[in-house]
Amino acid sequence: MEGKEEDVKLGANKFSERQPIGTSAQTDKDYKEPPAAPFFEPGELKSWSFYRAGIAEFVATFLFLYITVLTVMGVSQSKTKCATVGIQGIAWAFGGMIFALVYCTAGISGGHINPAVTFGLFLARKLSLTRAVFYMIMQCLGAICGAGVVKGFQGDNRYEMLGGGANVVNHGYTKGDGLGAEIIGTFVLVYTVFSATDAKRNARDSHVPILAPLPIGFAVFLVHLATIPITGTGINPARSLGAAIIYNKDHAWDDHWVFWVGPFIGAALAAVYHQIIIRAIPFKTRD
């Protein structure tokens with residue numbers, strides 16, 4: 001008991017890793033809206049759970065880039081499409097890794113693994129600015145390290161020849177096309193995140209079990225099927241940044257802004273749509 005009190009005193013359990021979601025946010029059918037996260041919470045910086053969550057985001061994004069970029073490069077180096085998993089396999093790699101990693105990290109950090117998801121949840125007041133910025137930094141660092149390990153395995157020449165898994169707007173499409181694809185693709189992803197983790201929906205439909213990582217991973221899979229021919233599919237600024245930094249060629253940087261602006265706009269639109277249109281939170285009577 002003494003050790004537990006000391007742990008609490010040090011702040012290890014003072015701040016929860018994430019906003020309660022699903023059935024953990026309520027005890028019965030009489031749903032109560034959880035309070036909004038504070039805009040800035042300096043006390044989090046003294047909490048071990050805060051740093052543990054950031055480490056979880058780093059490791060998850062590292063593993064995400066490692067598996068997915070290796071898959072992309074495996075398809076790129078094949079002489080015939082029949083000898084590889086093809087676009088469908090790439091899409092499954094991205095969607096499957098998100099499913100697995102969200103499942104593993106949801107109870108620690110919320111399982112964001114994507115600055116656009118973090119940004120959308122921040123706009124919805126699901127986490128503080130302090131935590132959001134920390135998550136984004138750790139996600140980007142994890143992505144850089146993941147892409148770096150892939151380059152180490154492939155070797156400089158092969159890595160550069162195969163494009164390094166970097167996102168670019170493909171030939172035949174304009175930057176406007178790429179931007180639109182990234183906005184809509186990220187909207188699909190972040191809207192699915194909001195819907196799959198909506199505590200009110202789970203309270204109302206508790207008889208229908210839902211494993212949140214499954215629809216989220218499936219949304220990533222479907223968006224990749226649709227937009228790989230256009231941009232290679234970013235919808236995750238950390239993924240795009242990690243590959244661009246390690247690849248470091250001019251044509252990857254020329255279009256790089258598309259893979260930040262598009263996902264952030266898409267995430268913001270999804271947050272506004274879910275919170276204002278679907279949930280109508282600003283219009284609810286407050287006690």
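Mentor: We begin with burial: a residue counts as buried when its relative accessible area is under 20%, and as exposed when over 50%. Please keep in mind that this is a predicted model.

Trainee: Is Asn236 buried or exposed?

Mentor: Asn236 has a relative accessible area of 3%, so this residue is buried. Asn236 lies in the loop between α9 (213–231) and α10 (237–247).

Trainee: Which backbone atom does the side chain of Asn236 reach?

Mentor: A polar contact is a pair of N or O atoms within 3.5 Å. Here the side chain of Asn236 reaches the backbone nitrogen of Ala238 at 3.1 Å.

Trainee: Which residues does Asn236 touch, leaving out those up to four places away in sequence?

Mentor: With that exclusion, Asn236 touches Phe64, Ile113, Asn114, Pro115 and Pro263. One of these, Ile113, belongs to the loop between α3 (86–105) and α4 (115–123). Ile113 is buried because its relative accessibility is 0%.

Trainee: Which residues touch the most other members of the largest nonpolar core?

Mentor: In soluble globular proteins, nonpolar side chains tend to be buried together. In this model the largest nonpolar core has 54 residues, and Phe64, Tyr159, Leu189 and Ile216 touch the most other members. Elements giving two or more residues to this core include α2 (48–76), α5 (129–154) and α7 (175–196). The largest share, nine residues, comes from α2. Leu189, not counting residues up to four places away in sequence, touches Asn114, Val117, Ile216, Val220 and Ile235.

Trainee: How are α10 and α12 arranged, parallel or antiparallel?

Mentor: One compares the directions of the axes; an angle over 145 degrees counts as roughly antiparallel. The axes of α10 and α12 (258–278) come within 9 Å and cross at roughly 175°. The two helices are therefore roughly antiparallel.

Trainee: How many residues of the contact of α10 with α12 are nonpolar, polar or charged?

Mentor: Six are nonpolar, one is polar and none is charged.

Terms used: Residues numbered from 1 in each chain as written. Predicted model: local features only at pLDDT ≥ 70, side-chain atom pairs only at ≥ 80, totals over all residues. Heavy atoms only, no water. Helix = DSSP H or I, 4+ residues; strand = E, 2+ residues; numbered from the N terminus. Buried < 20%, exposed > 50% of the residue type's maximum accessible area, 1.4 Å probe, protein only. Polar contact = N/O pair within 3.5 Å; in protein donor to acceptor, adjacent residues only side chain to side chain. Contact = heavy atoms within 4.5 Å. Core = buried A, V, L, I, M, F, W, Y, C linked by side-chain atoms within 4.5 Å. Axes fitted to C-alpha atoms, helices over the stretch in contact; angles between N-to-C directions. Parallel < 35°, antiparallel > 145°, perpendicular 65-115°, else oblique. Nonpolar A, V, L, I, M, F, W, Y, C, P; charged D, E, K, R; others polar.
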